[in-house]
Structure formats: C-alpha cells, structure tokens
Amino acid sequence: MSVVKINVLTVPAEQREVLEQRFASRAHAVENSDGFEWFELLRPVEGTDQYLVYTRWRSEEDFKAWMEGPMKAAHQHGGEGEAPKRPAASGSTLWSFEVVQSAGPKA
C-alpha cells in the first residue's frame with residue numbers, strides 16, 4: 001500500500017517566489033527515485049501562508065531511502081564555492097498517511 005507524505009511549509013509572503021523558484025530549479029529531482037509515485041507543490045490561495053509539498057511513495061522504506069540519499073544531498077546548504085542559502089520557509093511539519101482508497105477518472 002502506498003504512503004503519502006505532506007510537508008507543510010510556512011512561507012512568509014516575501015519568500016513565496018523564492019520557494020517556488022527553488023522547487024522549479026530542482027524540478028524532476030525526485031522522479032527517478034526508487035518507489036516514487038507522485039509529487040505536487042501546492043500554493044495557498046487564501047487564508048493561510050502554508051504551502052503543501054505532496055509526495056506519494058510505494059512504501060515507507062522507499063521514502064526513507066530518498067530522505068537519507070537524494071533529498072539530503074539536494075538540501076545541503078551551499079555547494080562548493082556557494083554561500084549558504086537562507087531557508088525560504090519559516091517552519092515545516094511532516095504529515096504521514098497510508099493510502100486506504102484511491103480513484104481516478106473513468107477511462
């Protein structure tokens with residue numbers, strides 16, 4: 001059964017563009033990870049300053065392997081010759097779910 005991870009990022013208004021640009025610059029970084037099934041970055045429309053980063057994985061083990069490998073490497077602050085980047089989000093909470101039911105459009 002698949003697992004869903006939703007990273008809830010609190011992003012001040014002045015950092016929204018920075019956050020979206022950083023995700024865009026890493027576009028497709030997760031797609032080749034073993035067990036990866038889906039990704040979406042959800043921008044708040046009204047009433048909140050929280051973005052949702054939705055990922056779905058084949059298993060908890062696949063998610064953990066990605067967290068310890070490719071994700072960790074992608075979030076290293078300041079590569080060779082680069083200054084460390086200030087986080088765009090002021091807070092982060094990870095929600096975890098198991099997929100119990102799923103449906104898509106009828107063919």
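Visitor: What makes Arg26 count as lying over the face of Phe23?

Guide: In this predicted model, Arg26 is placed at 5.4 Å from the ring centre of Phe23. The limit for a charge over a ring is 6 Å from the centre, together with an angle within 35 degrees of the ring normal. Arg26 therefore lies over the face of Phe23.

Visitor: How many aromatic pairs are there?

Guide: The count comes to five. One of them joins Phe36 and Trp57, with 5.6 Å centre to centre and 75 degrees between the planes.

Visitor: Why is the pair of Phe36 and Trp57 called edge-to-face?

Guide: Centres within 6.5 Å make a pair, and planes over 60 degrees apart make it edge-to-face. With 5.6 Å and 75 degrees, Phe36 and Trp57 therefore qualify. Phe36 is in strand β2 and Trp57 in strand β3, 21 residues apart, so the pair links distant parts of the chain. Both residues, Phe36 and Trp57, are buried.

Visitor: Why is the pair of Trp57 and Phe63 edge-to-face?

Guide: The ring centres of Trp57 and Phe63 are 5.9 Å apart and the planes stand at 65 degrees, so this pair is edge-to-face. Trp57 and Phe63 are both buried. Ring pairs link Phe36, Trp57, Phe63 and Trp66 into a cluster.

Visitor: How do you know whether Gln15 is buried or exposed?

Guide: The relative accessible area of Gln15 is 10%, and buried means under 20%. Gln15 is therefore buried. Gln15 sits in the loop between β1 and α1. Apart from neighbours within four places in sequence, Gln15 is in contact with Arg86, Pro87 and Ala88.

Terms used: Residues numbered from 1 in each chain as written. Predicted model: local features only at pLDDT ≥ 70, side-chain atom pairs only at ≥ 80, totals over all residues. Heavy atoms only, no water. Phe/Tyr/Trp six-rings, centres within 6.5 Å; stacked < 30°, edge-to-face > 60°. Helix = DSSP H or I, 4+ residues; strand = E, 2+ residues; numbered from the N terminus. Buried < 20%, exposed > 50% of the residue type's maximum accessible area, 1.4 Å probe, protein only. Contact = heavy atoms within 4.5 Å.
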